[in-house]
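Please keep the structure in view while reading, and find each residue as it is named.

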Amino acid sequence: MTGELPNPESNRGLHYEESLLWEKERSERPGVDLPESTGVALRTGLPERGDMGLPQVSEPQALRHFVRMSTWNYSIDHGFFPLGSCTMKHNPRLNEKMARLSGFAHIHPMQPESTVQGALELMYELQDWLGTLTGLPGVCLAPSAGAHGELAGMMTIRRAHDVQGNESRKVVLIPDSAHGTNPATAVMCGFTVRNIPTGPEGRLTVEAFKEALYKGDEQGADIAGMMVTNPNTCGLFESNILEIADLLHEAGGYFYCDGANFNALVGRVRPADFGVDVMHINLHKTFSTPHGGGGPGSGPICCTEELAQYMPVPVVLKGGDAYCLETKEDRETTLGTLKAFQGQFGMFVRALSYIMSHGADGLAQVSGDAVLSANYLMAKLGQEYHVPYEGPCMHECLLTDKKQKEFNVTTLDIAKALIEHGYHPMTVYFPLVLSGTMLIEPTETESKDALDRFVETMTEIAKDAKDKGEEYFHSLPQSSPRKRLDEVKAARNPVLRWKAS
Ligand SMILES: *Cc1c(COP(=O)(O)O)cnc(C)c1O
């Protein structure tokens, strides 16, 4: 069905159209019933307030407005959410139950430590698990998101160089396939970024790495470190990583690993074993704490014993049977605090609950199943879509729109077609190393049936590209409340404020 709906209150197929709250109001009908103003100011000397411009709607109108809008938030609890690199996987409800236990939910960070020993013990246990799984014993839980963890990790490296008097080490090597937060973090820490081009197989090559490493100085004496995502954003394991890490260490640099996608390795590979000095982990990806929608993330960092002296405070310490949060006075070499208090405690509860309910063997199965699901999709979708780098892949599979472009159908069109078919699109146009990329992360929590249905839909879309052509695709999506947007106009001429007409 196309065309404007006659009535903004109506819905079609239980899809609500929703106007702004201000557009619902009728000026002759106030939203609240207050007695007539007597004109007596409660306090003198205050300027008289004019109309505050609050929308005059009734409580049920306001309630329905917000509840309807809440249903627009497509989430992993609605359906398959194959957003590559984001690890949108099921959040077990057991974790929620644990986080809501009143002993955890109702404590306050300013309570005396003696009254929150259980909470500190939980954090200590989580530190211990993360240190064991990564092989990196220094763990600080404080960072509030992946990007915040990157900042904490790179500040740790900068602090180490500062303390060691390595002022000339200012360059950070970063592959061109990196998540955008990597170069941004390096620059925020006062480093300059030197690019490493991705090799023809979607991986770092030793040759390209050496060229970047020795470009400014033949010993690499200007190198502070490198930031590498492994598996990388093409969904591939960096098979030369050991040799690359050795070369970096010989030159005196530290290896920062973006561990946002640790779900591809957890329980099987310890990043310390491939040379990592410091990494962050997204609890809201690998360890299934909920994310998206503006909720809190959590991005703990793990580092070597050498770097642990520099990382932020607080770390939970254990002395005898008592736990405490360390302070700057406890560790003078620390770079300091990142934020108030100890980090996102509710996420620590969820993550530890997830880890303990899986156990070590269960976590190994998590990564095994995540990789299996992605390879299944790669094998199936590879029949109709271009697979730029030969598999096997890790936890996500990379495709491009090369075959569909012959019919003038692009990645954007395929994403819009997925919306029409009731799927959240995959990550589009990332990584930037190829044109028209589609990055699909099925995760380990989707059933084979769900994957097969997705394959069917993607295959149908590929057939439509041949049979129905670009005009049909450019009209998609047709069934959503908002149709194809004029994205150029939206970017060039954004309307950021509603004005009464
Ligand atoms: C998600 C992600 C990040 C950033 O994590 P946030 O919690 O969104 O800040 C960084 N790097 C990679 C590879 C990621 O997938």
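In this predicted model, the second largest pocket is lined by 25 residues, and those that lie nearest its centre are His-15, Trp-72, Ile-419, Ser-480 and Pro-481. Two elements give two or more residues to this lining, namely strand 2, which covers residues 15–16, and helix 13, which covers residues 411–420. Helix 13 provides the largest share of the lining, with five residues. The volume of the second largest pocket is about 850 Å³, and its lining is made up of twelve nonpolar, nine polar and four charged residues.

The next part turns to the ligand. There are 14 residues around the ligand, and the ones that come nearest are Ser-85, Gly-146, Asp-258, His-284 and Lys-285. For three of these residues, the table gives a distance between a protein atom and an atom of the ligand.

| Residue | Protein atom | Ligand atom | Distance |
|---|---|---|---|
| Ser-85 | polar side-chain atom | oxygen | 2.8 Å |
| Gly-146 | polar backbone atom | oxygen | 2.8 Å |
| Asp-258 | N or O atom in the side chain | nitrogen | 2.6 Å |

Taken alone, the ligand exposes 380 Å², and the protein buries 85% of that area. Within the shell around the ligand, helix 6, which runs over residues 146–163, contributes the largest share, with three residues. By class, the shell around the ligand divides into three nonpolar, eight polar and three charged residues.

Rolling a probe the size of a water molecule over the atoms shows where empty space is left. How many cavities of 30 Å³ or more does the structure hold? There are two cavities of 30 Å³ or more, and the second largest cavity has a volume of about 40 Å³. The residues that line the second largest cavity are Ser-85, His-179, Thr-229, Thr-233, Asp-258, Ala-260, Asn-261 and Lys-285. Sorted by class, this lining has one nonpolar, five polar and two charged residues.

Key
Residues are numbered from 1 along each chain as its sequence is written. This is a predicted model: local features need pLDDT of at least 70, side-chain atom pairs count only at pLDDT 80 or more; totals for chains, interfaces and linings use all residues. Side-chain values use heavy atoms; hydrogens and water are left out. On a 1 Å grid over the protein atoms alone, a cavity is a set of points where a 1.4 Å probe fits but cannot get out, and a pocket is an open set with protein on both sides within 12 Å along at least five of seven lines; lining residues have an atom within 4 Å of a point. Grid points are joined across faces, edges and corners, and a volume is the space filled by probe spheres set on the points. Helices (H or I, at least four residues) and strands (E, at least two) are DSSP runs, numbered from the N terminus. Ala, Val, Leu, Ile, Met, Phe, Trp, Tyr, Cys and Pro count as nonpolar, Asp, Glu, Lys and Arg as charged, and the others, Gly among them, as polar. A residue is near a molecule or strand if one of its heavy atoms lies within 4 Å of it. A polar contact is a pair of N or O atoms within 3.5 Å; within protein, one must be able to donate a hydrogen and the other to accept it, and residues adjacent in sequence count only if both atoms are side-chain atoms. Accessible areas come from the Shrake-Rupley method with a 1.4 Å probe; for residues, only the protein chains shown count as cover.
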